[in-house]
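Dear colleague,

Please find below the structure that I am handing over to you, followed by an account of what was found in it.

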Amino acid sequence: SAAEKGGYDYFMLKEIAEQPKAVADTLLGRIDGSGSLTLDEVRISPRVLREIDKVVIVACGTAFHAAMIAKYAIEHWTRLPCEVELASEFRYRDPILDAQTLVIAISQSGETMDTLMALRHAREQGSKVLAICNTNGSTIPRESDAVLYTHAGPEVAVASTKAFLTQLVACYLVALYLGQVRGTKWGDEIRAVIRDLSSIAGAVEQVLGTMEPVRELARSLAAKDTVLFLGRHVGYPVALEGALKLKELAYMHAEGFAAGELKHGPIALIEEDLPVVVVVPSPRGRSVLHDKIVSNIQEIRARGARTIVIAEEGDEAVVPYADHLIRIPVTPTLLQPLVATVPLQVFACELATARGNEVDQPRNLAKSVTVE
Ligand code: AGP
């Protein structure tokens with residue numbers, strides 16, 4: 001009913017709008033007054049966490065994209081090797097797991113059969129399993145050693161939005177917590193990022209306030225067949241997520257690529273007026289990455305692409321090559337997906353509406369996939 005949708009036409013719109021609160025709720029009570037993390041609910045002892053020598057993350061769909069981003073955060077802040085695998089592929093390749101492996105299973109519903117089977121396999125090999133889940137008391141947290149709940153609230157729309165942002169928050173918390181417990185040379189950076197996380201809900205809110213041009217752009221592309229998405233580093237999984245949203249909702253051919261892979265094949269797809277969304281990393285800090293993606297944008301534009309550039313405020317280097325420019329607030333590099341994903345959700349939702357599709361219940365899809 002309209003009341004359930006809180007005045008919005010679709011649950012998806014409501015859930016996109018709820019993201020600042022979902023993010024803030026997922027952080028609530030987990031950062032103490034001194035700026036340290038307290039994750040008491042993660043009932044795996046610091047001693048066990050200090051002995052871990054590898055992290056493996058399993059998930060499906062959007063949760064898998066959160067896992068890909070988590071890998072960057074975990075490896076950077078903990079120096080632990082981290083593998084990420086589609087849950088449906090995981091157990092069939094006889095993965096190397098033991099008691100020193102921490103397996104993280106990410107699932108909004110907590111009922112995804114592929115993810116459940118992957119975590120059962122991991123536990124049989126003696127690994128500890130930590131679930132990141134949005135549904136209290138669901139099967140995946142019940143069968144795990146510990147759970148860190150995301151506090152997105154119920155997500156009704158089939159296309160995941162607020163659950164994804166809160167999965168990212170939970171992944172950052174786990175990465176930072178592992179760094180804190182194990183002690184790394186990034187102590188100062190970890191403290192600074194914890195501070196930045198505390199104010200990130202405001203940045204998400206800020207993005208939501210600037211989405212009208214994105215909706216307009218989406219409507220103007222309603223007759224297109226294909227949209228490509230490019231990113232590097234944590235922008236690459238964001239590109240994959242943007243493409244998944246468009247497939248699910250707009251039933252368009254949409255593909256995400258690591259921008260550095262372009263020249264190894266996908267650049268052949270570029271033709272006159274093809275819309276290409278590019279997620280640009282911050283020009284600060286890791287500026288090599290930024291410069292590389294700016295040349296990627298130049299390359300595709302020279303071949304006729306219509307460039308839709310998502311870039312940080314104050315990033316002037318992209319301006320000459322952007323046919324459409326979507327600004328996002330300045331954030332630490334690893335946290336950028338929390339703000340960069342939002343325009344892609346709005347874009348897909350508006351394109352689906354413009355094409356006359358059912359936004360909350362896309363064809364052929366179910367909210368939770370309880371078969372393998
Ligand atoms: C997301 O928009 C999808 N509907 C889908 O990929 C989903 O993320 C996937 O099926 C995993 O679901 P889960 O998080 O409930 O395990």
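Helices (H or I, at least four residues) and strands (E, at least two) are DSSP runs, numbered from the N terminus. With that definition, I44 is found in the loop between α2 (19-27) and α3 (46-51). Residues are numbered from 1 along each chain as its sequence is written. Please note that this is a predicted model, in which local features need pLDDT of at least 70 and side-chain atom pairs count only at pLDDT 80 or more, while totals for chains, interfaces and linings use all residues.

I44 is partly exposed, because 17 other C-beta atoms lie within 10 Å. A residue is called buried with 20 or more such atoms within 10 Å of its own C-beta atom, exposed with 12 or fewer, and partly exposed in between; the C-beta atoms are placed from the backbone. Apart from neighbours within four places in sequence, I44 is in contact (C-beta atoms, placed from the backbone, within 7 Å) with L49, K128, L130, D145 and A146. Between I44 and Q336 there are 29 Å in space, C-alpha to C-alpha, and the two are 292 residues apart in sequence.

Turning to the whole chain, there are 14 helices and ten strands. The radius of gyration, taken over C-alpha atoms, is 20 Å, close to the 21 Å that the globule rule (2.2 Å times the number of residues to the power 0.38) gives for 372 residues, so the chain is as compact as a globular protein of that length. Of the 372 residues, 53% are buried. Among contacts between residues at least 6 apart in sequence, 75% join residues at least 24 apart.

How many residues of strand β9 (residues 306-312) are buried? Six of its seven residues are, so β9 is largely enclosed by the rest of the structure. Strands pair if DSSP finds at least two bridges between them. Strand β8 (residues 275-279) runs parallel to β9, joined by five bridges, and V279 stands opposite I310 in β9. β9 also pairs in the parallel sense with strand β10 (residues 324-328), over five bridges; the partner of V309 in β10 is L325.

Yours sincerely

Definitions and conventions:
Contact = placed C-beta atoms within 7 Å.
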